[in-house]
Amino acid sequence: MEKHYEVIVVGAGSMGMAAGYFLAKQGAKTLLIDANDPPHTQGSHHGDTRIIRHAYGEGREYVPLALRSQELWNELEKQSHHKIFTRVGAIGFGPKGESAFIDEAIASGKEYNLEIDLLTGKEMNERWPGLTVPDDYIAFYEPNSGFLYSENCIRAYRELADYHGAEFSMNNPVVDIEAFEDTVKVITKNGTFTADKLILSGGAWNRKIAQNLNLDLPITPTRQPVAWFEADESLYNTNAFPTFMVEVPTGETKAIYYGFPTFGGCGVKVGRHEYVDKIDPDTMNRDFGSDDNDEGHIREYLERFMPQANGALKRGAICIYSRTPDGHFIIDKHPEYPHISFAAGFAGHGFKFASVVGEILTQLALTGETEHDITLFSVNRPALKALLEKASI
């Protein structure tokens, strides 16, 4: 016998677990389904930490959502017994006049009157002796930013969702979804469920799952290595060093690196934003070090900018990005079935928004609209459609 719910959430990772909490808290009969058992290491939320920053190089439209996310993370820490956020500040730097990411972050900070300091390369080196930055670089520093404990965030939302009555069906892959005029049927490996509303938040699996709903979500999953290194603890601990985002010229192109200070002996964590190693999430190579570039690209950054953090490799991990052609998220309702909402394409900078995206998805599911401006994330936005049309020519 099929069990019926008000809302089913398919994909109970970062965004889905947050949505499950908000739904259950508002009294909606909710089921969360996941192919694994979150938090886990198969998707995009593992690896201990994620940066949260408010001045935003990806576009100033993100700033209000980043600020709301911070409020919700602070609330989560008060409501749970988990450590959620550590304020260490965030720095972004790159060559002056050559870094669109840094320029946009500074502009967004000014537009929203955020507390930020502007620094030269020399001032960065004086303020953080662990950095070696050219004089012609420019930086912004946000003292109120820092990092989130990503797996703790999901644990906390899961526990609170459970407390408010949400149900869970874990280690249960979705086989098919059937959409009807005002209901949905979710067929899984271990049973069939129905609901009035559906939220799809399956990360790298979103495109595969959405195809069952006559919806082509233009996202490309990529393989992303991240690593932790032995470092001078006096220079790179959480009292001495911030999180960082760096735009670095690499020949004719540019690379963006990101990282975290060391705490509890974990080492300095560094990753590089890449969108070239396209994968199938079901068959991808999850072994760190199987590609020389896994560690090599990160070492290039450390040798150049943080040599005293370029110690022995402590550990490495492989994560997944899911990117849209224009780099912006997709958060919207299904064009044919408005009782189906989805969130996809978070491109390696989405976790910080998981709390507010959960809030948005809850509002879309329960009321059909949201108080937040998500125009930029429409599945039918002109910029995205233009890129898709160009790619098909």
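I sorted the lining of the second largest pocket by class: eight nonpolar, six polar and seven charged residues. Here Ala, Val, Leu, Ile, Met, Phe, Trp, Tyr, Cys and Pro count as nonpolar, Asp, Glu, Lys and Arg as charged, and the others, Gly among them, as polar. A pocket is an open set of points on a 1 Å grid over the protein atoms alone, where a 1.4 Å probe fits, with protein on both sides within 12 Å along at least five of seven lines; lining residues have an atom within 4 Å of a point.

The model is predicted: local features need pLDDT of at least 70 and side-chain atom pairs pLDDT 80 or more, while totals for chains, interfaces and linings use all residues. Residues are numbered from 1 along each chain as its sequence is written, and side-chain values use heavy atoms, without hydrogens and water.

Of the 21 lining residues, I noted Phe101, Ile256, His273, Tyr275 and Arg323 as the closest to the pocket centre. Strand S15 (253–260) gives the largest share of the lining, four residues. I took helices (H or I, at least four residues) and strands (E, at least two) as DSSP runs, numbered from the N terminus.

In H5, I found Tyr157 buried, as are Ile154 and Leu160. Just after H5, Gly165 takes a positive phi of about 105°.

Note on methods: Buried means under 20% relative accessible area, exposed over 50%, partly exposed in between (1.4 Å probe, protein chains only).
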